[in-house]
Amino acid sequence: MRPIPRAESFPVNTPAAAQVFTTVLTQGPLARLEVARRAGLSPAAVTKAVRPLIEAGYLVEDVDEEARPALGRPANLVRVDGGRALFVGVKVTGDEIIGVLTDLRCRIRVARHVALPDRAPKAVLASIAELVHGLLAEATGLRAPVLGLGVAVSGDVDRGEGAVRYSPFLDWRDVPLGELVTMTTGLPVTVDNDVRALTVAEQWFGAGAGLSDFAVVTVGAGIGCGLVVHGRVVAGAHGVAGEIGHVTVDPAGPLCHCGNRGCVEAIAGEAAIVRGIRAATGAELADADQALAMAHDGVPGAREVYARAGEAIGRGIATVANLLGPERVIISGEGLAAYDLFAEHIRDAFTAAAFGSAAQCDVQTRPLPFEEWARGAAATAIQSFVRADT
């Protein structure tokens, strides 16, 4: 018998409680005074928020032995009990679905992959339901309720409505995915763009934790960008903020599938690289793996294609830095397998195109397996559970 998901609400729904819990979740363990400082709240407000969260089992207070003073009471640290709740994250690609079961601190406990032979919404929904129910069965042994499900899909996704407006890789338009998945799983569902979901995971649990302004740039089949401005992931008025892949870096460049010429994606996306190497070498390539192998083997013309891709990515990142001035840009995605081929070109192009102090932006690489994209989806579910205003 499939387990029935338990319905449970966050014990305190005030903005202060959510802020306190988020601060401890993303930056803890912390002493209460440090929580107050980082959350911008009074110590009294923190105490008021912490008490019911401890009573409900979401927070735990431990003695910090290392900070024990010579005299007086020992310091106490507040931390999140990660085993208090579980969440499911699902990433839908063009040919498979990746699912993970995480704890409240978004640590992956179980991961599964299933093939996706049919991209029609009905078939994808059936596969998601089967995968989720399998993860729910795994959850029974962990003795914690599953409190939410996040689904990440590429393209134009309306998180507020839970709808996929347009996904080019799936060829979907106006699919009410959140409503459909809720009906089949019984869980509260958050649907978001896959790059934004990955950005939430980096903001709450990764290289962006504690930063007010940063960006995540993903390199692979497409070129994506998630933006965090003043502590919030930015979707924009129409849900497509951060489309760095469609920033024009060469007006005379190749035609992009969006209809413009010289977009970053038209030069640096995997399909563009494969086409470029075919044209440069005359070789018949099946996929990006073969293109990468040819470049690593030193086939004349292949490395130049990757060099041009790196320049395009570097210019795109510089555009982000010039417009928003992020403290950090995190480069990730499956395309990082070729990072050794274009890393220098990314850095050189970024340095040349970044204006003034924007060049001080910390550009990092963070290789992530596809399970991390599903973990990003789980992060959006955790975020929705904690903060109803997102």
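**Helix α11**

I started on the outward side of α11, where Asp-340, Thr-351 and Ala-352 are exposed. I'm working from a predicted model, so everything below is read off a prediction.

Next I wanted to know which residues of α11 are buried. I found Tyr-339, Leu-341, Phe-342, Ala-343, Ile-346, Ala-349 and Phe-350.

What do the buried residues of α11 pack against? I listed β11 (214-219), α9 (288-296), α10 (302-324), β14 (328-332) and β15 (362-365).

I also checked the length of α11. The helix runs over residues 339-353, and at 1.5 Å a residue its 15 residues should span 21 Å. I get 20 Å between the end C-alpha atoms, which agrees.

**The β8–β9 hairpin**

I moved on to β8 (residues 163-167) and β9 (residues 172-175), which pair in the antiparallel sense over 3 bridges. Ser-167 stands opposite Trp-172 in β9. The two strands form a hairpin with 4 residues between them.

**Largest pocket**

How much space lies in the largest pocket? I have it at about 930 Å³. The lining takes in 39 residues, and the closest to the centre are Ser-154, Phe-169, Asp-194, Ala-221 and Gly-222. I then asked which elements give two or more residues to the lining. They are β3 (86-92), α6 (194-205), β11, β12 (223-229) and α12 (370-386).

**Two single residues**

Thr-199 was my pick in helix α6. Is Thr-199 buried or exposed? I get a relative accessible area of 0%, and the cut-off for buried is under 20%, so Thr-199 counts as buried. Leaving aside neighbours within four places in sequence, I found Thr-199 in contact with Phe-214, Val-216, Gly-226, Leu-227, Val-228 and Val-233.

For contrast I took Lys-48, which is found in helix α3 (residues 43-55). Its relative accessibility is 65%, and exposed means over 50%, so I put Lys-48 down as exposed. Last, I noted a distance from Lys-48 to Thr-140: the two are 92 residues apart along the chain, and their C-alpha atoms are separated by 33 Å.

Key
Residues are numbered from 1 along each chain as its sequence is written. This is a predicted model: local features need pLDDT of at least 70, side-chain atom pairs count only at pLDDT 80 or more; totals for chains, interfaces and linings use all residues. Side-chain values use heavy atoms; hydrogens and water are left out. Two strands pair if DSSP finds at least two bridges between them. The expected span of a helix is 1.5 Å times one less than its number of residues. Buried means under 20% relative accessible area, exposed over 50%, partly exposed in between (1.4 Å probe, protein chains only). Contact means heavy atoms within 4.5 Å. On a 1 Å grid over the protein atoms alone, a cavity is a set of points where a 1.4 Å probe fits but cannot get out, and a pocket is an open set with protein on both sides within 12 Å along at least five of seven lines; lining residues have an atom within 4 Å of a point. Grid points are joined across faces, edges and corners, and a volume is the space filled by probe spheres set on the points.
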